[in-house]
Amino acid sequence: MKLTYFGHACFEVEIEGIKLLFDPFISPNELAKDINIASIKPDYILISHGHEDHVADAERIAKQSGATIISNFEIIEWFNKKGIEKTHPMNHGGSWDFPFGKVKYVTAIHSSTLPDGTNGGNPGGFVVESNAGNFYFAGDTALTMDMKLIPMFTRLDFAILPIGDNFTMGVEEAVIASNFIACDKIVGMHYDTFGYIEIDHEQAKEQFIHNDGELILLQIGQTKEI
Ligand code: NI
Ligand code: MN
C-alpha cells in the first residue's frame, strides 16, 4: 500500500492502484498550501464525521474525480443533496465488500455536526481489509474500550490515530489505543494544524518507542510505502 499525507487528518491510501482519500481538508489548511488539490483524483472518499476539518474539500474532489463517497447515512444524505450521487451509506458495526477490499464503520467518541448545522449522525472510523494489507483510520476519537473489538476481527498492519489532544485523544492515550488494537505501527494525524493541537514530535515518537511501537509522522505531501 502507498500512503500519502495531505495534512491534518487527510490521507490517501493506494491499494493495488485504487485510491482511497480520507477526510479531505486541504484548502483551508495553511500548512497544506503547497498541495495541488486539482491533481487529487481518488476512486473513493471516506469521511469519518461531519466537521469542517474533515469535509471541507470533499464536494470539490468528488466532483472533479467522480469518486464514490463512503460515510455514515446522515453525511451521505447531505452530499446527495449537493448533487453527488456516487455514494455509499454505512452505519456503525456494518461492513461492505468494495472492489479494493472490505470496509467496516466502527465507533468513535466525538461529535459530528456538519458545517451548515445539519446533523452529521454519529462519528466513526474505518477498518479496511484488503489483499495488500489491513489498516484502521480512527477519525477523531477519544480512547475507547471499543477499540479492543478491532483485533478480534482484523489483524492490522498499521493504524492512523489522532494524537493532537484537546479535540481528540493525545499521545499518551494513543499509545494505549495502539495496545488495544494490537498494532505497533502507528501513523499520527490531527496535530499541529491549530494552536490547540500543537505537539512535540520527538517526545511523541519516544512515547511510542517506550511501548515497543513506532509513531510515523509524515511530512505534508510525503508518500510512503507501507
Ligand atoms: Ni471533529
Ligand atoms: Mn477534527
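Predicted model: local features only at pLDDT ≥ 70, side-chain atom pairs only at ≥ 80, totals over all residues.
Trainee: OK, then how many bridges join β7 to β8?
Mentor: β7 and β8 form a hairpin, with two residues between them. The two strands run antiparallel. Pairing takes at least two bridges, and the number joining β7 to β8 is four.

Trainee: Which residue in β8 does W96 stand opposite?
Mentor: We're still in the hairpin that β7 and β8 form. Look across from W96 into β8, and the residue standing opposite is V103.

Trainee: K104 has a charged end; which ring does it sit over?
Mentor: Go by the distance to the ring centre, which is 4.0 Å for the charged end of K104. A charge counts as sitting over a ring if NZ of Lys is within 6 Å of the centre and within 35 degrees of the ring normal. The ring under K104 belongs to F153.

Trainee: What is the strand order of the open sheet that holds β7, β8 and β9?
Mentor: That sheet has seven strands and mixed pairing. β7 and β13 (214-216) each have a single partner strand, so they stand at the edges, with one side of each left without a neighbour in the sheet. From one strand to the next the twist averages 20 degrees. Put together, the order reads β7-β8-β9-β10-β11-β12-β13.

Trainee: What is the bridge partner of I186 in β13?
Mentor: β12 and β13 pair over three bridges, in the parallel sense. In β13, the partner of I186 is L215.

Trainee: There's another open sheet with β14 in it; which strands stand at its edges?
Mentor: Here seven strands run in the order β6-β5-β4-β3-β2-β1-β14, again with mixed pairing. Two of them have a single partner strand each, so one side of each lacks a neighbour in the sheet. Those edge strands are β6 (87-90) and β14 (223-225).

Trainee: In that sheet, what is the bridge partner of V13 in β3?
Mentor: Strand β2 (residues 11-15) and strand β3 (residues 18-22) run antiparallel and are joined by five bridges. Follow the bridge from V13 into β3 and you land on L20.

Trainee: At about what angle does helix α3 run to β5?
Mentor: α3 covers residues 73-81 and lies across β5 (68-72) and β6. Angles run from 0 to 180 degrees between N-to-C directions. For α3 and β5 the value is about 140 degrees.

Trainee: Is the pair Y44 and F100 stacked or edge-to-face?
Mentor: The ring centres are 4.9 Å apart, and the planes make 65 degrees. Y44 lies in β4 (residues 44-46) and F100 in the loop between β7 and β8, so the pair ties together parts 56 residues apart in sequence. Both residues are buried. Planes over 60 degrees apart fall in one class, and for this pair that's edge-to-face.

Trainee: Which residues coordinate the manganese ion (ligand 2)?
Mentor: Its donors sit at 2.1 to 2.2 Å. Their spacing along the chain is D-H-x85-D-x49-H.

Trainee: Which residue coordinates both the manganese ion (ligand 2) and the nickel ion (ligand 1)?
Mentor: The two ions are 3.0 Å apart. The residue that coordinates both is D140.

Trainee: Last one: is I150 buried or exposed?
Mentor: I150 is found in helix α4. Beyond its neighbours within four places in sequence, I150 is in contact with V106, V127, Y136, L156 and I181. The cut-off is under 20% relative accessible area; I150 has 6%, so it's buried.

Methods
Residues numbered from 1 in each chain as written. Chains lettered and ligands numbered in written order. Heavy atoms only, no water. Contact = heavy atoms within 4.5 Å. Phe/Tyr/Trp six-rings, centres within 6.5 Å; stacked < 30°, edge-to-face > 60°. Buried < 20%, exposed > 50% of the residue type's maximum accessible area, 1.4 Å probe, protein only. Donors = N, O, S within 2.8 Å, 3.2 Å for Na, K, Ca; no water.
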